[in-house]
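Here is a short briefing on the chain you have open. Take a look at the structure, then read on for its surface, its overall build and one of its sheets.

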Amino acid sequence: MERYVCIHGHFYQPPRENAWLESVELQDSAYPYHDWNERVTAECYAPNSVARILDGEGRIIQLINNYSRISFNFGPTLLAWLEDNAADVYRRILEADRDSAQRFSGHGSALAQAYNHLIMPLANRRDKHTQVIWGLRDFTKRFGRKPEGMWLPETAVDVETLEVLADCGIQFTILAPSQAKQVRKIGDKDWIDVSGGRIDPTTAYVQRLPSGKSIHLFFYDGPISRGLAFERLLAKADDFVGRLFGAFSDARPWPQLVHIATDGETYGHHHAHGDMSLAAALARIEADAGVRLTNYGEYLEKHPATHEVEILENTSWSCAHGVERWRGNCGCNSGRAGWNQEWRKPLREALDALRDALTGPFEEKARALLREPWAARDDYMDVVLDRSAENVNAFLAKHATRELNPDEIASACKLLEVQRHALLMYTSCGWFFDDISGIETVQVIQYASRTLQLAKQLFGKDLEPAFLEKIETAKSNVPEHKDGRRIYEKWVRPAMLDWERVAAHYAVRTLFDSYPEKARIYCYAAVREDLQLFEAGKAKLAVGRARIVSEITREQDILAFGVVHLGDHNVNGGVRKYQNPEAYAALVQELSGAFAKADFPELIRLMDKGFGSTTYSLRSLFRDEQRKIIKRVLQPSVSEAVTIYRRLYEQHLPTMRFLADMNVPLAKPMRVAAEFVLNADLRWAVKDDEPNLEQFRKLMQDAASLNVTLDTAGLAFKLKKTIDRLAERLGSQPADLTLLDTLDSVITLAQNLPFEFNLWKSQNVYWELKSTLFPEFLTKAEGGDEPARAWLDKFLPLGEKLGIQMRELKKKAPA
C-alpha cells in the first residue's frame, strides 16, 4: 500500500507596520537586527530557501530549497515585507512553488492564508468573506495561480468559515485532530465519535456544508507536530524521520498520508539550525523507496476522500478552550506566573463596538461615491497591491458611481482605508500573549487609532472617547502601564500623524540632510516649493514650504514651516498650512531677520506667533531618522564621553591587568570603561571591507584577559555584515585574488572567536562560484595558466574554511 509524507509550515509574522507610515520602524527588542521581521528572516525564512545538507563530518554537500519539498503558506503581510526588504528570499519562495508543481504532479505546494490572521469564527460573515477574498487576491498576484488550499489563522474554524472558503473556490484546509467531532464512511448512515483528537489523520476527509457545498479537510498528526514544535524532536533528523515513518501502520488498507503542521518558524527561529534538520529529514525521506513526499493537492487528486467528517465548531490549534484565547481569560498564555488575561475581553468588545459604529456611516457616505461599497472593499486588495495612480484610476473606473474629482477620490480612498484598518485591528497576535502592553497588542490598538482618526475626518464623529472608555477597563499586569487608556496615551497617540507632523519631520530633517526636490517619506511624497537656509555659527534656520502628498489616500496639502537648530539636541520648529505668497514672504522675512541678529529669544517668539502653540523638535522625527540624527547631533558630547572613558581605560590598564591576573574583580568604573572601549574598538576594527584583523585579535585577547563582557550579538552581526559584503564583492569580482585573500583572512579570524557567527551568504556565493566558475579556472590551470592555478590555490582552501565538502574538487585540481 502507498505511503506518503507531507510536512506543512505556517510561516507568519504579525503586521508590524506603523499604521500611518506603512513601514516597519526600528524595534530595539530585535537587536542587533532592525526589526523582528528582519531577524526572523535571517534565522528562518532565508536559511530555508537555501538549506544545507551535511555529510558525516558536518561539511556541506548539497544546498536545497526546503520550500520546494514541503507544503507551506506565508502570511500575505509578511510576503509584502519580504518583497520590499528581502527580495532574494521572496524570489526563492515563489520559485519553490513553481518547482513543487513540477515535483508534485502539477500541484504547487503554496497555500493561501486568510489575509491578516484574524480569528475567523469571531468575525462576522462579511469580514470573513473579505479576509478570504483578500488572501486569494494577494496569493494569485504573487504566485501567478489560484490556490487550492487556504490556511486558517490558528486553524480557528466554524461551519460559516468553511462555507466562505467553499464559496470562494477553496478545495481544502488543514486542522488539528482535536477539531474533528465525528466521521463516517461516505454512504454510511451512522457517525463515529472521534472527538478528543481520536480521528485517524492519515487520509483526507470531506465536510458537507449546509449550503450543499463541501470542502476537504486534512487533520495533521498531533503528537508528531507537538514533538517537533515543543519537544526537540527536530534536534536529530533521524529521530524526526523515525517518528514520521513510525506513524504508518500495516493495519490500514488505504494509501496513508503521514502529515504534520507547525509554525514555519520552528525551522530556524524557534530551534536554531532547524532548517538544516528539515533539509536532512527531507533528503532521507526522498531516499527511501517505500515512502513518497507529497503535498495536499497531489494526494487529494490521487486519493479522493472516502470518509465524511463534521468539525467541532469554534475550535483552534492553540487554545484548549476553543477560541477563548482571543476573547477571554481562558488560562492559555505564555506562562507568566501571577498574571491574568482579563484584558482580552474588554479589548475585543471595544474593537467590536468600533467596527459596528462604522458600518452605517461607511455605507451612507460610500454609496455616494462607490456603486457597491462592500464589493469595492473586497476588490480594494487590488489597490493595496499596486497603489500607482493608473491602478487607482482603473479601480475607480470599475467601482465609482461617476467620474470623481480629486477630493472625492481622496474620500473614496479614505473610506476603504477605514475598512482596511478596521480589519487589521483584529490581527490575532493582539490577544495571543500575556499582557495588553505587549508590542503585538499595541500594534492592533494602533490600527484602531488610525481607524478612529479616519472616521473622524470622514464622518465628523469623534469615536475616540468611547473607545478609550472601553479599553480603560482592560487592566495591564504591569503596574506602570495601568490599563488600555494609559497604553494608548503612552505608545499609540505619539505615533499618530497628521499633515503638520509629516511636514515637521520634513522640516527638521532638512536641517541635517538635503532632500531632493521630490522626496519620498515612507508613504508620503514631499515636493519642495521653497527652502531657505541660514547659518550663524552652530545655529541653523530653515524656512520653507512643501507640498505633502499621501500615496495611500491621494490627499495633498501645502504647508509652510520654520525650524531652528541651536546646537546639541535643541531644535524648535513650527508648521502651518500655506496661506498666500504675501503671508509666506512676511514669515520668511521676520524669521530670517531675527536669526541674522542672533536674537534667538525673539526668533522663538516669532515662531510661536507665526505657527501657533504647537511646536516640533527632534521628537517629531520618525523613529529611524530620529535615531540617526540624534546620533549625529550628540556626536560631540559622545566623543567627549568616549575620550573620558578611553583616558580612564588607558590610564588604569596596568592596574586592571594586575587585578585580572590576581583573579580580583575589576572595580565597576574600571569594568565599565574597559567594556565600553573594547566593544567600541572591536566594532571599529571590522566596520570596513578592509578590516584591521591584527587589531581585532589583540582587542579580543585584551577582553579575554580582563574578563570583559562583550556585546557578542552586536559583534557577530557586524562581522557577518563585513563578511557578507566581501562575499558579494567576490561574487561580482571572482578573479580578484586580493579579495579572496581578504575574505579568507576574515573568515579565519571569525572561526577563532568565542561566539557563533553566520556564514550563510558567503557559503551561498562560494557554492555558486564552485558550480559556475571553478570549471573554467580548472580548465585554464590544466592548460598551464599560472593566474588560474594561483586562483585555485586560494579558492580551494577558502571552501574548506567555509565548511564546504571539497573532496571531489580537490581531486580535480592539478597537483
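The accessible surface of the chain comes to about 34700 Å² in this predicted model. Carbon and sulfur atoms hold 49% of that area. Behind that surface, buried residues make up 57% of the 815 residues.

**Charges**
- The side chains include 104 positive and 113 negative ones.
- The centres of these two sets lie 1 Å apart.

**Overall build**
- The C-alpha trace spans about 95 × 80 × 60 Å along its principal axes.
- Why does a radius of gyration of 30 Å agree with a compact globule? Because a compact globule with 815 residues would have a value near 28 Å, the 30 Å of the chain agrees with that expectation.
- Of the contacts with a separation of 6 or more, 69% are between residues 24 or more positions apart.

- Strand 7 runs parallel to strand 11 (residues 214-219), and four bridges join the two.
- For a residue-level view of strand 11, look at Phe-219, which is the bridge partner of Leu-175.

Technical notes:
Residues are numbered from 1 along each chain as its sequence is written. This is a predicted model: local features need pLDDT of at least 70, side-chain atom pairs count only at pLDDT 80 or more; totals for chains, interfaces and linings use all residues. Side-chain values use heavy atoms; hydrogens and water are left out. The radius of gyration is taken over C-alpha atoms; the globule rule is 2.2 Å times the number of residues to the power 0.38. Buried means under 20% relative accessible area, exposed over 50%, partly exposed in between (1.4 Å probe, protein chains only). Contact means heavy atoms within 4.5 Å. Accessible areas come from the Shrake-Rupley method with a 1.4 Å probe; for residues, only the protein chains shown count as cover. Lys and Arg count as positive and Asp and Glu as negative; His and the chain ends are not counted. The place of a charge is taken as NZ of Lys, CZ of Arg, CG of Asp or CD of Glu. Two strands pair if DSSP finds at least two bridges between them.
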